[in-house]
Amino acid sequence: MIINRIKGKKEKENEAEIRVTTELESESIRLLELTREEHHKMQDYYATLPDSAENGDPDGEVRERIESMKRANSNVGRAYIQLIDMSDELGARWNDLMKSHRKRLIPLPSAPANTYIDQTESKSGHFAQGLSIYKLLLICFIGSFAGVVIELLWCLLKNGYIESRSGLVFGPFNLLYGAGTVALTIALYSFRNRGKWMSFVGGMLVGSIVEYACSWWQEVAFGSRSWDYSAMPFNINGRICLLYSVFWGFLSVLWVKSLYPWIAMLILKMPNRSGKIATWIITAFFIVNAILTCLAVYRWSARIGGAGDAGAFWSFFDRFFPSDKMVKVFPNMKFGG
């Protein structure tokens with residue numbers, strides 16, 4: 001038993017000694033050796049500097065050496081950044097692949113790795129591969145629905161009751177979440193195979209910008225606001241705050257590493273012809289829904305402001321979108337200064 005343990009320990013030590021040495025690593029070792037040699041040479045060269053200073057460095061040798069070292073430093077710096085990028089991407093791709101195959105105590109399926117999705121899309125020639133308009137539209141629809149569901153659950157957990165979080169008059173959809181999801185997808189798509197920290201930082205910035213822009217546009221267009229973070233610490237004009245910016249960061253990591261892969265795989269199952277037709281039908285529904293929502297909110301605002309009968313066109317909205325219905329759909333919308 002003892003002999004077997006000793007043999008096993010030696011085998012593990014031998015395995016640890018076996019490692020892959022890339023050409024980049026070999027060249028980096030040579031660079032270190034060359035730098036050390038140059039450092040020793042410079043000790044002798046420093047002794048010649050007083051004479052060069054007295055003669056005014058007529059050949060410009062000292063200046064050329066300085067500029068050469070600056071260029072070398074710049075080259076090494078760029079190579080350093082590229083190596084960080086490559087090692088981060090390789091590690092992220094491999095970790096995502098291993099995570100997708102990892103066995104769990106609870107037998108739940110893991111999200112497919114983005115590397116696998118990229119490979120499948122490139123081989124299939126799917127109509128919604130990459131960042132095509134079809135994929136972005138479908139992601140917008142899914143994000144509009146999923147965002148409302150998440151907010152409903154959050155409201156239930158926080159307040160103990162369910163309250164509408166819809167942003168359109170028809171259906172449980174909110175284009176703020178759809179737009180945010182599309183913006184995150186576009187902004188973070190190139191980082192889908194990178195470390196989580198990049199998605200987190202990028203998501204904080206993109207999500208906050210989208211949220212601020214939507215709040216500003218709503219106030220300018222309709223004179224209303226659906227959220228106000230003025231009571232929250234580290235807020236900007238009550239439109240965004242640090243806490244929710246951090247939420248955007250965590251949501252971005254969840255989106256890029258877990259939710260987007262599942263959605264991309266789901267989209268890949270859609271046939272090319274029927275998938276295109278379905279996408280445009282849903283797009284038409286959302287466009288009509290958004291137009292009716294804007295007009296209904298505008299007329300609602302006018303009624304609150306004391307506007308009376310304004311003809312057959314606005315009477316349609318008074319009849320089908322009365323104030324009590326609008327309050328149920330948009331319970332947090334406030335008008336006024």
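Mentor: Let us settle the residue classes before anything else: Ala, Val, Leu, Ile, Met, Phe, Trp, Tyr, Cys and Pro count as nonpolar, Asp, Glu, Lys and Arg count as charged, and the others, Gly among them, count as polar. Please also keep in mind that this is a predicted model.

Trainee: Fine. How many cavities of 30 Å³ or more does the structure hold?
Mentor: The structure holds one cavity that reaches 30 Å³ or more, and the space in the largest cavity comes to about 40 Å³.

Trainee: Which residues line the largest cavity, and what classes are they?
Mentor: The lining of the largest cavity is formed by T185, L188, Y189, R192, W255, V256 and Y260, and by class that lining has five nonpolar residues, one polar and one charged.

Trainee: And which elements do they come from?
Mentor: The elements that give two or more residues to this lining are α7, which spans 175–188, and α9, and it is α9 that gives the most, with three residues.

Trainee: How do α7 and α9 pack, then?
Mentor: Their axes are 11 Å apart and the packing angle is about 75°, which means that α7 is roughly perpendicular to α9. On the α7 side the contact is made by T181, L184, T185 and L188, and on the α9 side by W248, S252, W255, V256 and Y260. Six residues of this contact of α7 with α9 are nonpolar and three are polar, with no charged residue.

Trainee: Changing topic: what is the volume of the second largest pocket, and what lines it?
Mentor: The second largest pocket has a volume of about 290 Å³, and its lining consists of L31, L34, T35, E38, H39, M42, Y46, M69, A72, N73 and V76.

Trainee: How are α2 and α4 placed relative to each other?
Mentor: Helix α2, residues 23–46, and helix α4, residues 61–101, have axes that come within 13 Å and cross at roughly 155°. Because angles over 145 degrees count as roughly antiparallel, α2 is described as roughly antiparallel to α4. The crossing in which α2 passes α4 is left-handed.

Trainee: Which residues meet in that pair?
Mentor: From α2 there are L24, L31, E38, M42 and Y45, and these meet E61, V62, R65, M69, V76, L83 and M86 in α4. The contact of α2 with α4 has nine nonpolar and three charged residues, and no polar one. Among the residues of this contact are L31, E38, M42, M69 and V76, and the lining of the second largest pocket includes those residues too.

Trainee: I was also looking at α6 and α10. What angle do they make?
Mentor: The axes of helix α6, residues 133–159, and α10 cross at roughly 50° and come within 10 Å, so the two helices are oblique to each other. The crossing in which α6 passes α10 is left-handed. The contact is made by Y134, L137, L138, F141 and S144 of α6 together with K276, T279, W280, I282, T283 and F286 of α10, and by class it has seven nonpolar residues, three polar and one charged.

Methods:
Residues numbered from 1 in each chain as written. Predicted model: local features only at pLDDT ≥ 70, side-chain atom pairs only at ≥ 80, totals over all residues. Heavy atoms only, no water. Axes fitted to C-alpha atoms, helices over the stretch in contact; angles between N-to-C directions. Helix = DSSP H or I, 4+ residues; strand = E, 2+ residues; numbered from the N terminus. Parallel < 35°, antiparallel > 145°, perpendicular 65-115°, else oblique. Left-handed = near helix turned anticlockwise from the far one by under 90°. Contact = heavy atoms within 4.5 Å. 1 Å grid on protein atoms, 1.4 Å probe; cavity = no way out; pocket = protein on both sides within 12 Å on 5 of 7 lines; lining within 4 Å. Points joined across faces, edges and corners; volume = space filled by probe spheres on them.
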